[in-house]
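The stops below are meant to be selected one after another.

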Amino acid sequence: PRTMSAAEDAEWLRWVTKQFGSIAGEDKEIDLEEFKTALQVKESFFAERFFALFDADGSGTISLEELLQALSLLVHGSEMDKLRFLFQVYDVDVLLCPDTVSHQEACVQGRVATSALKGGSSGSIDPDELRLVLRWCLQESAIVLPEERLGDLTLALFEAADKDHSGSITFEELREELEAFPEVMENLTISAASWLKPPPPVERSLRPRYLTRPYWHNHRGKLTFLGGYAGLNLLLFTLAALRHAGLGAWVMVARGCGQCLNFNCALLAVLMLRRCLTWLRATPIALVLPLDQHVVFHQLVGYVVLALAAVHTGAHIANFSRLAHQDGHRVLAEYLLSARPEVGGLGGTASQTGLALQGLLAAMLVFSSPCVRRSGHFEVFYWTHLSYISIWTLLIFHGPHFWKWFAVPGCLFVLEKVLGLAWRRAGGLHIVEVNLLPSKVTHLVIERPQSFHYKPGDYIYLNVPAIATYEWHPFTISSAPEQQETLWLHIRSLGQWTNKLYEYFQQPEWPSPEPKPLSRSLREKRCRRWAQVGLGETHRICNIKCYIDGPYGTPTWRIFTSEHAVLIGAGIGITPFASILQSIMYRYRRRKQSCPSCHYSWCEDLRDEEMTLRKVDFIWINRDQKHFEWFVSLLTKLEMEQAEQEPGGRFLEMHMYMTSALSKNDMKAIGLQMALDLLAAKEQKDSITGLRTRTQPGRPDWNKVFGKVAEEKRGKVQVFFCGSPALAKVIRAHCDRFGFRFFKENF
């Protein structure tokens with residue numbers, strides 16, 4: 001380990017002394033309860049073991065001197081010092097009661113704490129001690145495994161470490177076993193104790209990220225669009241203002257803003273033409289325009305419209321005030337509230353329609369804010385947003401030239417709405433199966449109309465009248481297009497509507513028509529399908545009416561034209577990749593079906609440009625173990641198919657991360673992670689998910705992940721993400737650093 005400089009050592013001592021004062025009582029000693037709170041451990045076992053080892057004099061409290069000595073060893077000590085401390089943690093020396101698990105836990109609560117506080121140890125670790133520590137490691141990492149699986153882990157680690165088969169593990173044997181994990185020993189510490197050392201200094205770049213070359217390269221489409229948008233607005237403003245130069249400065253400002261409002265109010269409609277935008281994704285225009293961010297731009301243009309409207313109204317009021325002052329016989333209210341032909345608008349009502357428009361725009365902005373939409377008042381957002389009909393109508397009456405801007409977008413918008421309404425109300429569809437998963441995910445199976453065609457990663461808007469009559473919510477289709485009979489949706493309970501959906505199907509009975517009778521062949525197909533995904537705690541055949549609107553495209557359409565695609569999903573954000581991975585493997589199988597001699601293909605309809613993928617890296621980040629449940633069976637099937645198609649090949653590489661699990665560098669988890677590695681190597685199966693891919697504890701180290709991707713040189717890398725905005729920001733920054741294109745799914 002690196003030796004600390006005098007300045008660093010002084011800073012570390014100052015920091016620890018400050019932290020000691022914040023947790024110690026008036027007696028300047030840290031007792032066990034204060035130590036547990038400061039250590040931030042989930043279970044008391046490790047806190048008690050660490051406390052006993054920190055308390056060098058056995059007084060029952062830790063002084064500043066004892067704390068500094070122990071922390072110096074853990075934070076800056078040699079590998080041997082840290083390893084000896086780890087060995088003492090595992091050397092519990094407790095006589096376990098082997099009769100039952102509950103009896104064993106009772107012994108843990110009584111005798112472990114007593115022995116730990118005494119700091120007793122025998123100098124070796126026997127199987128019972130190892131099993132006990134691994135049990136607490138599982139709880140600390142929020143991993144739940146059957147009792148027999150705990151026995152397998154204990155046996156795997158013990159057999160590997162007990163080199164001389166003496167029935168116990170000595171310090172030298174543990175050291176020898178850990179030499180196989182050099183990356184663990186390099187940074188071994190108690191990582192949960194955030195107060196052990198000062199936070200690292202914040203690295204500040206000399207230039208903001210927005211001024212770096214990688215940022216401009218990776219966002220060139222969006223920046224070009226924004227530049228063109230700003231330039232066009234400036235041009236329209238200038239031309240309109242110059243045409244009215246003889247009427248005064250206030251009129252010039254008002255007319256310039258008015259012309260910009262004509263353009264922007266029409267653009268608002270264009271940005272929500274979802275069917276047209278989905279069609280444009282398949283054209284070369286998609287390479288130039290940032291179609292994937294149309295919702296974000298719609299919001300931006302909405303704010304611009306409100307700002308332009310405020311300036312436009314203010315300029316007119318200022319001009320009316322000037323005219324009233326010059327006239328001397330009229331007041332400002334006459335200009336604002338009375339129809340005057342010289343003012344403009346239909347029948348001279350420009351002032352009145354303008355004030356009405358200002359009020360409608362302000363109301364729409366307020367009630368479309370996230371705090372309203374996500375606080376259980378979606379109906380308020382829905383009904384106030386429908387005021388766009390009144391706004392466009394008033395704009396036609398207010399501005400003499402608005403209809404010229406709005407004619408084409410307005411017709412397309414009306415056409416899309418008519419098609420959507422016809423599709424929604426053409427008899428409706430039915431939810432035919434539902435599967436409720438313990439992770440609060442509702443898996444819906446909806447009958448698929450024969451005329452419904454979609455691409456992997458597409459999403460639909462869903463309306464279930466039994467839940468809410470007027471609410472339509474977007475959800476990604478999780479089934480592959482090649483699955484002809486049904487549509488799958490996986491919906492996590494996060495908001496009011498999704499919680500109501502989950503609770504509705506939790507009821508013992510609900511008012512629903514009798515399920516449609518199924519043929520024997522269809523029943524067999526459904527049984528095989530449910531075997532692929534696994535059943536949850538509630539599985540029902542039902543016949544609930546619903547309506548869908550779509551499908552609509554997402555950024556994921558680019559995956560099939562990538563060379564090296566990195567798919568990253570966090571939690572339920574994995575949903576779009578469920579459909580995509582199934583379709584990728586389907587196309588991969590078809591691409592492999594050719595004669596090895598003449599290279600004749602049995603799939604003439606599959607063109608090379610449909611999928612140029614050379615490599616797919618799939619990364620799934622979950623908080624805890626249960627959130628892997630619904631997708632693991634599908635991933636297992638994909639692993640098996642890839643092994644059959646290309647033994648030893650790595651066309652699809654999976655990376656699983658469980659953030660609640662402590663990392664391999666943490667003393668509270670190192671034994672567990674070693675045991676999981678050994679058992680996975682022995683059984684060729686991960687104990688947490690059942691996949692061949694080993695689930696990694698903690699969060700991904702994006703520098704290492706993307707560094708490995710860059711080293712493979714399998715073609716141009718494109719990263720696709722679906723998950724929280726906070727994580728998207730982190731991944732986007734790393735993509736800028738490595739020069740990878742980044743795409744995020746936005747509804």
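Select Thr498 and show what surrounds it: setting aside neighbours within four places in sequence, Thr498 is in contact with Phe475, Ile491, Arg492 and Ser493. Thr498 itself belongs to helix H22, residues 496-506. Its relative accessible area is 11%, so Thr498 is classed as buried. Bear in mind throughout that this is a predicted model.

Zoom out to the whole protein chain. Its secondary structure amounts to 28 helices and 14 strands. The chain has 747 residues, of which 50% count as buried. Among contacts between residues at least 6 apart in sequence, 72% join residues at least 24 apart.

Next, colour the aromatic side chains. A search of the whole structure gives 21 aromatic pairs. Pick out Trp392 and Phe413, an edge-to-face pair with 5.1 Å from centre to centre and 85° between the planes. Which helices does this pair tie together? Trp392 sits in helix H20 (residues 388-398) and Phe413 in helix H21 (residues 402-424), so the pair links parts that are 21 residues apart in sequence.

Move on to Trp702 and Phe706. Their ring centres are 5.6 Å apart and their planes meet at 40°, so this pair is tilted; the tilted class takes what is left between under 30 degrees for stacked and over 60 for edge-to-face. Trp702 and Phe706 share helix H27 (residues 702-712), where they are four residues apart, about one turn of the helix. Trp702 is buried at a relative accessible area of 7%, and Phe706 is buried at 0%.

Tyr388, Trp392, Phe402, Phe406 and Phe413 make up one aromatic cluster.

For a ring with a charge over it, select Arg84 and Phe171. Arg84 lies over the face of Phe171, 4.1 Å from the ring centre.

Now turn on a cavity display. Rolling a probe the size of a water molecule over the atoms shows where empty space is left. How many cavities of 30 Å³ or more are there? The count is five. The largest cavity holds about 80 Å³ of space. By type, the lining has eight nonpolar residues, one polar and no charged.

The last stops concern the backbone. Most residues other than glycine have a negative phi. His165 has a positive phi, near 55°, and is not a glycine. Look for His165 in the loop between H8 and strand S2 (169-170). Is His165 buried or exposed? At 69% relative accessibility, His165 is exposed.

Finish at Gln684, a residue other than glycine whose phi is also positive, about 55°. Gln684 is placed in the loop between H26 and strand S12 (695-697). With a relative accessible area of 54%, Gln684 is exposed, since the exposed class begins over 50%.

Key: Residues numbered from 1 in each chain as written. Predicted model: local features only at pLDDT ≥ 70, side-chain atom pairs only at ≥ 80, totals over all residues. Heavy atoms only, no water. Phe/Tyr/Trp six-rings, centres within 6.5 Å; stacked < 30°, edge-to-face > 60°. Helix = DSSP H or I, 4+ residues; strand = E, 2+ residues; numbered from the N terminus. Buried < 20%, exposed > 50% of the residue type's maximum accessible area, 1.4 Å probe, protein only. Lys NZ or Arg CZ within 6 Å of the ring centre and 35° of its normal. 1 Å grid on protein atoms, 1.4 Å probe; cavity = no way out; pocket = protein on both sides within 12 Å on 5 of 7 lines; lining within 4 Å. Points joined across faces, edges and corners; volume = space filled by probe spheres on them. Nonpolar A, V, L, I, M, F, W, Y, C, P; charged D, E, K, R; others polar. Contact = heavy atoms within 4.5 Å.
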